[in-house]
Amino acid sequence: MFAGRKFAAFLFDMDGTVLNSIAAAERVWTTWAHRHRLDVASFLPTIHGRRARETIAALKLPGVDPIVEAEALLKAEAADLEGIVPIPGAVAFLKSLPLERWAIVTSAPRELALLRLQAAGIPVPAMMVSAEDVTRGKPAPDCFLLAAKRLGVEARDCLVFEDAPAGIAAGEASGASVMVISATHVHPMQTPHPSIADYDGIDVAVDEHGWVVMEPKRIAAAAC
């Protein structure tokens, strides 16, 4: 689990990584999929970790404008925040990090990202890269490269926290190290990267130069 490894910054995906919005997202996308006569069971796994416009464009549906549909989906998702919760331990973990040493890097539009962070009680970072900030979404590395640049660090010195294949591929392509968060995985994911279910068992330490290292959370000794 990167024992003793120091990082210039931590870059966190949002959905499935610091918060769980699967129920809300899948409600909206299920309605959309039915409207377009898609097979819901096979379609829903494809929506996670990518921008809506790219998910829709990949379907190549006749007469469907991905930009227009993505805007409509944004409004529907912004109106449905029920059941959005933090990944266990995420709130305390993020609050323990220096503000200038972490960022949210999400495929969601900024408007939706802010609403979901608020719904889950996740602290809003000093810096966030969202769907509008890049031309190419995940699995392209652009979003993580931009986040590192804005934080004034090199991507290769960062640790990316991700849950979905598209985001993991983006993290790899950026040159960063990758930690997989498995809290929302229904089935085990085959990955060469370290994986944790949540943030309850980990803590951070910061060295004299501001670099961050993860370490197992110390358990206070029981009072005699």
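**Notes on sheets and cores**

1. Phe-12 has Ile-104 as its bridge partner in strand 5. Strands here are DSSP runs of E with at least two residues, and helices are runs of H or I with at least four, both numbered from the N terminus. The model is a predicted one, in which local features need pLDDT of at least 70 and side-chain atom pairs count only at pLDDT 80 or more, whereas totals for chains, interfaces and linings use all residues. Residues are numbered from 1 along each chain as its sequence is written, and side-chain values use heavy atoms, with hydrogens and water left out.

2. Strand 2 (residues 9-12) and strand 5 (residues 102-105) run parallel and are joined by three bridges; two strands count as paired if DSSP finds at least two bridges between them. An open sheet of six strands, paired in parallel, has the order 6-5-2-7-8-9. Strand 6 (128-129) and strand 9 (195-196) are its edges, each with a single partner strand, so one side of each has no neighbour in the sheet.

3. Phe-12 is in contact (heavy atoms within 4.5 Å) with residues including Val-18, Phe-93, Trp-102, Phe-161 and Tyr-199, leaving out residues up to four places away in sequence.

4. The largest nonpolar core has 34 residues, and Phe-10, Phe-12, Val-18, Phe-93, Phe-161, Tyr-199 and Met-214 touch the most other members. Such a core is a set of buried Ala, Val, Leu, Ile, Met, Phe, Trp, Tyr and Cys residues joined through side-chain atoms within 4.5 Å. Among the elements that give it two or more residues are strand 2, helix 5 (90-95), strand 7 (158-162) and strand 11. Helix 6 provides the largest share, four residues. Apart from this core lies another, of 22 residues, among them Val-105, Val-134, Val-160 and Ala-170.

5. Strand 1 (residues 6-7) is joined to strand 11 by two bridges, and Phe-7 stands opposite Val-212.

6. Five bridges link strand 10 (residues 202-206) with strand 11; Ala-205 is partnered by Val-213. The two strands form a hairpin with five residues between them, and Gly-210 in the turn has a positive phi of about 90 degrees.

Technical notes. Buried means under 20% relative accessible area, exposed over 50%, partly exposed in between (1.4 Å probe, protein chains only).
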